[in-house]
Amino acid sequence: MAKRALWVWQAIADIANKMTYNEEMIIKTPHEWSVIWVENVGEKRGTSNKEEIKQIRDYLLRELNELRKRVGASPDIDNADFCEKHIGIITPFAEQGRKIKDEFESDKRLSHIKIGTVHTFQGSERDIIVFSTVYGKNAGDPKNFFFNRGETDLLNVAVTRTKKVLIILGNKNLLGQNGCHSKYLCDAVK
């Protein structure tokens, strides 16, 4: 297979290159990029995780000013416009996406964030992507997790929708196990 020249962020490209492209991509942009891990304290029930949704909300509200700085957002843009234009939330489950939207609906800063499954984000990107894995401490065998079965395509799209900051919520002990695609995410967190 021929090497591909892609203009993508270095750390994002490193994950995608190892996980999906057998390290055959040629990385062209040595920009600073961040992977932030937020340990999931909740439990998956059905295809949602109520505690994780609250963690996402609390994290974004607490770190909003820091995130603005990290992506170099104009100080003139208000928080609601910043969130709408710069932040996206990807989850493997439509139910989780609906519940996040419901939780964010009452807060004008968060209510316009694009939220959905990988398919919702196909072809688009944001400076900041929050990846809500949903899987918590009670989730079982990580090799059976939705994004760890089969090919890496869905997880690859989730990761490569971010331009500057990837925030992952999940249980690192589960997601970091050998033989799981999600291990690449865990390994990217220093």
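A residue is called buried when its relative accessible area is under 20%, exposed when that area is over 50%, and partly exposed in between (1.4 Å probe, protein chains only). By this criterion, buried residues make up 48% of the 190 residues in the chain. The model is a predicted one, in which local features need pLDDT of at least 70 and side-chain atom pairs count only at pLDDT 80 or more, while totals for chains, interfaces and linings use all residues. Residues are numbered from 1 along each chain as its sequence is written, and side-chain values use heavy atoms, with hydrogens and water left out.

**View 1. Overall content of the chain.** The chain contains 8 helices and 7 strands; these are DSSP runs, numbered from the N terminus, with helices (H or I) of at least four residues and strands (E) of at least two. A contact is defined by heavy atoms within 4.5 Å. Of the contacts in the chain with a separation of 6 or more, 71% are between residues 24 or more positions apart.

**View 2. Strand S7 and its partners.** Two strands are taken to pair if DSSP finds at least two bridges between them. Strand S3 (residues 34-39) pairs with S7 in the parallel sense over 6 bridges, and Glu 39 has Gly 170 of S7 as its bridge partner. S6 and S7 also pair in the parallel sense, over 6 bridges; here Val 130 has Ile 167 of S7 as its bridge partner.

**View 3. Surroundings of Ser 132.** Ser 132 belongs to strand S6 and is buried, with a relative accessible area of 0%. Beyond its neighbours within four places in sequence, Ser 132 is in contact with residues including Ile 56, Ile 90, Thr 91, Ile 100 and Leu 169. A polar contact is a pair of N or O atoms within 3.5 Å; within protein, one must be able to donate a hydrogen and the other to accept it, and residues adjacent in sequence count only if both atoms are side-chain atoms. The side chains of Ser 132 and Glu 52 are joined by such a contact of 2.3 Å, and the side chain of Ser 132 makes another, of 3.0 Å, with that of Gln 96. Ser 132 and Gln 96 are 36 residues apart in sequence, and their C-alpha atoms are 8.3 Å apart in space.

**View 4. Backbone at Val 134.** Val 134 lies in the loop between strand S6 (126-132) and helix H6 (153-160). Its phi is near 80°, a positive value in a residue other than glycine. Most residues other than glycine have a negative phi. Val 134 is buried, with a relative accessible area of 0%.

**View 5. Loop position of Ser 124.** Ser 124 is placed in the loop between helix H5 (118-121) and S6. Ser 124 is buried, with a relative accessible area of 17%. When residues up to four places away in sequence are not counted, Ser 124 touches Lys 114 and Arg 161. The side chains of Ser 124 and Lys 114 make a polar contact of 3.2 Å.
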